[in-house]
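Me: I would like to go through this structure and ask what stands behind each label. Please set the value against the criterion each time.

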Amino acid sequence: MKKRYSIISLVIMFAIVTPGFCQIAEVGKLEIGELWHSDEDIPSGGWQVGYQWPGNVVRVKTTSGLNETILANGCARMGGLSCGTTNWKNRVGSVFPYAVYSVSESVIEHTGNLAGGSPIHLKIVMRREPPVVTVNGVKDVPRHPYTDIDPNLPSDAMMSIRWASKIGITFQQDYYAYAAKNGDSYMILDFHALNNGNTDNNENDAPELKDQVLTDVYFNFGIQPHIGFQGSEQNGAVWEGRTDDWVEYYGENYLDFLGSGTPLNPAGDPNADSLRVFMAWDGDNNLDSYTEHDDTGDPNRNTTNWAEPYPTLGTFLSPQYWGMGILHADTDVNDETNDLSQPVTTVWHPALKAESWTADIGYKLFFEGDGSVIGENWQRHRPSPQEMGFTEPNDPVNVCRPNPYVTIGPYEMPFNSEIHWTMLVAVNGLSPEKCEEYGKQWWEAKQGGDGITDMEKNALLATGRDSLMKVFSTATKRYFRNIENGRHPFDTPDAPPAPDLNVTAGPKSVFLSWSDVTEEPDPDTGVKDFAGYRIYRARDLNYGRYEMIWECGGNSGVPVAHSFVDTLVQRGFGYFYYVTSYDNGSQNWETPGESVESGKYLNMMQRNSPVIPFLPPENAVVELNVENLAFKVRRSNSGGSFDTVGVSHHLDIPVDDNTTVAYDIKPVYSSIPIADNHYPIYVELSLVLDDTATANLRYAYNYSGGTNKTTADFIQIVQGDAAKNEWLFDESFNVRNNFPTATRITNIFIGGAGWDYEGFADNIVIENDNGIQFSDNFNDGDFSSNPQWIEINDNPVQIPNLNKIIVVPNPYYDRAVLNNYSAEPNKIMFFNLPGQCTIRIFTVAGDLVKTIHHTNGTSEEPWNQVTESNQLVFTGVYIYHVQSKYGEKTGKFIIIRTSTQEERDLGFFR
Amino acid sequence: MEKYKYLLFFTWYALFVTTPTAGNSSMKKIAQSKMQFIKISPSARAAALGDAFTSYAGDLNAIFYNPAGMAFVEGTGVVFNNNSWIAEISHLSGVFCYNKDALGTFTFSFISMDYGEFERTIVDEHAWVGYQNLGAFSIMEYALGLGYARKITNRLSLGGQLKYLYQNLGDIQSFAYIGTEFEEHKTSTFKDNALAFDFGTYYDTEIKGITISMAMQNFANQPLPLIFRYGMSVKLHEVFFPGAENNALRLSGDILQSKDYGDGYQFGLEYALYEQYFLRTGYKITSATEEDFSFGAGTNLMLKGLKIQIDYSYSKFGVLKDINRLSFGIRF
């Protein structure tokens, strides 16, 4: 068993910790900018995901049928440090001509114990207290756990990992991450290596390897590229062993570029390599079973293998260009001057090639960069696989999984001396939006339509290389300029803090409020530079597409505010928000005047807690198109003013000379004899014209048009005989004939007023020169057989129409993604409920599946199709029963589930 | 033959005695099988007796509870059942059987569901109310069965039924905005079917009218609601009033073991006057349904040589209101 692992570790060489080796005590995460990273207390980059970009644009995968989500847009993993030295002496005095240490188990037999290490600390330090996000009154789990706050931190967050190696060096590896766009795609990696002889997790006790001078010490950082985790998996190139990435080092002749100049002012050959970047990107997998097209960028070719929402066919799933390079390396232990000739070697090696080296060969190959030890003719910088003539990135012998290594050295390190070096890691490439847009065009061309060719696709993807170079160049220049200007080398122009965010669901609306950060000074200058806020929103998925929906302050013309009501939302759907603050650019020392905006992830709502707008019951049932429109006015307490009851509907219909309103109406005086205390007034149909004037049509029993014609806006009084209990069919009138100045009908109302009255209406049609503008036949029903009374008592209430309760979608079909709540698999909604009720769900055989107590006062309630026993229901007809104080309703709906348990376990359809 | 009989009896007894402890209501698997409609009780007489009916042999509807009971049907018969099921669903069923003692009993049965109309709705983020109501649609579910039962002795019988179950849950439509137009995207129909097998045994001890029975229903290679029924009945009048044949009183009890939930207990009491007029009541204890009490009445008439059996039952179904069943059978 151990042998097997050692072969695997041989393959991956230096930088690996497999779960089989050791228990990982702690994992730290930086999810601050677009480049995310997780690492372990002996920093080996994580087995599954080390670096991810873009941070939150992923597709859900669940590993266990639960809500565990794997971020599948990885770029590189298992990155880690190794170092080599000569004539190393162990604790009992044995001398090894070559000794190699790595964070994982070493492949070198006689120094096999040098792998691994002892954790000393893993800290997440943040410059500011992270914002608190509260959704519907409940605090979100903090997105970013941290251990310390340090206001002087040059970045927004930093992960510091310190550990002791068995070679006697204590390492510290610090990642600096940035939230604002000007730095969100790179991280600074800062390393310190201290030869203190310590090999355990206690640096203060007696050193285990005291007074050893380490000679010819090299430090080496390597990763395993894994461009587009999801892409490679999606296209059948299972990640364990069939990746198809290319690597290339750009920077072999960086010194020629510099000439005698500096990184900011080079005096040498402008055609030489201007940066030092070891990069990796996705290639074309020609050895996979699916070979009929060029799969560079891994276009999505399969909609069935992903949890909803599916990526569009053709979407590039592996667009990333990953890069790492040296920014600084001490000249020697006594001279901190930046040795610009580093890295001394850059080597790549196919991780799948199972080989075995003794320590001297490994040392010469990976640290000294001597290609001859493996029979190749190169020194220091191994040519890239493509430069060497390989054409298949997943060639299992020569290329596949080409791990890049960047090495500095050699140093002589006396006891208690330290070497400091700094690296840059960056990722960039086509944005998810572009990946979808171009990917779709490419797919259409593949299907015989118009679109883009393989070559055009690859050229578009290759722009990622320029984007990566641009990030590298920006970060590099910033680094050197900061040193020139006496700033902290890792500093960036800063944004104001992201505010605390409070998000609450409302009636077809979302209420947002946030904390006031207007007085916060710029961290670099201490001068206030706040300008405004921006609100971003995504629907369904917190990793979906966010769009800016509102802005205040700055040049927006909207006064700075600290709350906003978003009304462009739909009931039943889940929404996610984040709110940024931005400055006026006055304190931007790099690009004066350019505004800097706080990052999106600082107060983005968490994945599993969307805010879901709703409709209150009244709105849901009292609209004009309720079935069986009928109403009843009955007031037990006589005297006082009469009550009006009915329904109204907002309209916007232009009025012309031929605008007519036609209708059927049945005014009925009902049960209580006419008496002084029970005095019916009228049933009416009225229009509001131009938002002001009211045109009333009133049908009255015992109603004197003369005496009650008190308002000037009456246009017609009809002396209907309510006592006859008859329909008045095909009544109509011309609006302008009665109201010459009307230009628009803005509201229609049907109802009545009085103490004891009933009314019915049907077939209302408003027509103008452009035809029928509004019609409502109230379902053509016979109202009287099943009237929905709207009854007025002393405390008027409107009774929900239980007949309107409806299940959406029906049938529920698990694969009909378009018409389901795509982000929430298995969600069905009960709509038009009373505010408080009990919903019972039964199988068609009458087995009680689930009881839901609906208490929140809204008109809707979701059900995730899970039974009381926590099981997802099967395909079938289901019965629901709603019980409320207004009565009961029994109905039925259908669930169709064709996904298998296996598919759901994998996260498809869940 | 005697050995065979005792073996059967012993097996049955072992199951009967041990299952109540094996069952466990915490092992509920409600809604974890499909074609749930085949669990609905068709017969008015059985429903009135709380479905404690496996130990009743010779009823035309026995095929739905214990196929072995069909071995005791005499001659040729046909029965139709109309069950006004919950949520205004009609559950219709019928049996035709032909018995020849030398050959055994052959049975054809059907169950058909009439659900009325469903409202088709879809999520629509662009509609003010967040959904669209696309009107009514219908579905279809039925079961067809071919059964065979045979007496092993005058007291022991075996029976089985092979069932074909069919389900058509209507069109699966999906809709999308093509530009600003809301269009139907694609349509298919969701259909499903299954073969299931029922098996039962029945044994008359000829002691105080005690009969015992066991039935297994819906055995299939698909997730169907597998049910085991263990039943026993006793003629109380023979115990307490020997010879009072004109006033017969029969008590029956079934233990129901189902894949869907733990055990159910069902009890029925039937009073018969001159073997011609019947009053019945039943009670159910289950962990899952709303059912409890049931009542019913029935009569057997002789009309021009035809034996006509009419039964009615009324079952309480908790919040889902009441269930009325009517069965009409003729034997030639």
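Me: In this predicted model, what makes β38(A) and β41(A) edge strands of their sheet?
Reply: The sheet is open and mixed in its pairing, and its five strands run in the order β38-β44-β43-β40-β41 of chain A. β38 (812-813) and β41 (848-854) of chain A each have a single partner strand, so one side of each lacks a neighbour in the sheet.

Me: How do you know that β38(A) and β44(A) count as paired?
Reply: Pairing requires at least two bridges between the strands. β38(A) and β44(A), residues 887-896, have two bridges, in the parallel sense. Within β44(A), A:I895 stands opposite A:Y812.

Me: What does β44(A) give to the side of chain A that touches chain B?
Reply: In total, 43 residues of chain A are in contact with 43 residues of chain B. The elements of chain A that give two or more residues to this side are β37 (806-808), β40 (837-843), β41, β43 (876-884) and β44. β44(A) gives the most, with six residues. By class, this side of chain A has 23 nonpolar, 16 polar and four charged residues.

Me: Which residues touch the most other members of the largest nonpolar core?
Reply: They are A:M279 and A:L424, in a core of 187 residues. Strand β20(A), residues 418-429, supplies the largest share of this core, seven residues. A second, separate core has 33 residues, among them B:A47, B:Y56, B:L60 and B:Y202.

Me: Which residues is A:M279 in contact with, leaving aside neighbours within four places in sequence?
Reply: The contacts of A:M279 are A:V247, A:E248, A:Y250, A:Y321, A:W322, A:G323 and A:L468. The criterion for each is a C-beta distance within 7 Å.

Me: What is the span of helix α5(A), and what is expected?
Reply: α5(A) covers residues 432-446, 15 residues in all. From first C-alpha to last, α5(A) reaches 20 Å, close to the 21 Å expected at 1.5 Å a residue.

Me: Why are the buried residues of α5(A) said to line one face?
Reply: The buried residues of α5(A) are A:P432, A:C435, A:Y438, A:G439, A:W442 and A:W443. Seen down the axis of α5(A), they fall within an arc of 145 degrees, so they line one face of the helix. What covers them includes α6(A), residues 454-484. After α5(A) comes A:G448, with a positive phi near 95 degrees.

Me: What makes β8(A) and β25(A) edge strands?
Reply: They belong to an open sheet of five strands with mixed pairing, in the order β8-β7-β21-β22-β25 of chain A. β8 (138-139) and β25 (563-566) of chain A each pair on one side only.

Me: How many bridges join β21(A) and β22(A)?
Reply: β21(A), residues 501-506, and β22(A), residues 509-514, pair in the antiparallel sense over six bridges. A:A505 has A:V510 in β22(A) as its bridge partner.

Me: Why are A:D216 and B:E88 called partly exposed?
Reply: A buried residue needs 20 or more C-beta neighbours within 10 Å, and an exposed one has 12 or fewer. A:D216 has 18 inside 10 Å, so A:D216 counts as partly exposed. B:E88 has 14, so B:E88 is partly exposed as well.

Methods: Residues are numbered from 1 along each chain as its sequence is written. Chains are lettered from A and ligands numbered from 1 in the order in which they are written. This is a predicted model: local features need pLDDT of at least 70, side-chain atom pairs count only at pLDDT 80 or more; totals for chains, interfaces and linings use all residues. Helices (H or I, at least four residues) and strands (E, at least two) are DSSP runs, numbered from the N terminus. A nonpolar core is a set of buried Ala, Val, Leu, Ile, Met, Phe, Trp, Tyr and Cys residues joined through C-beta atoms within 7 Å. Two residues are in contact if their C-beta atoms, placed from the backbone, lie within 7 Å. Ala, Val, Leu, Ile, Met, Phe, Trp, Tyr, Cys and Pro count as nonpolar, Asp, Glu, Lys and Arg as charged, and the others, Gly among them, as polar. The expected span of a helix is 1.5 Å times one less than its number of residues. The arc is that of the directions from the helix axis to the C-beta atoms.
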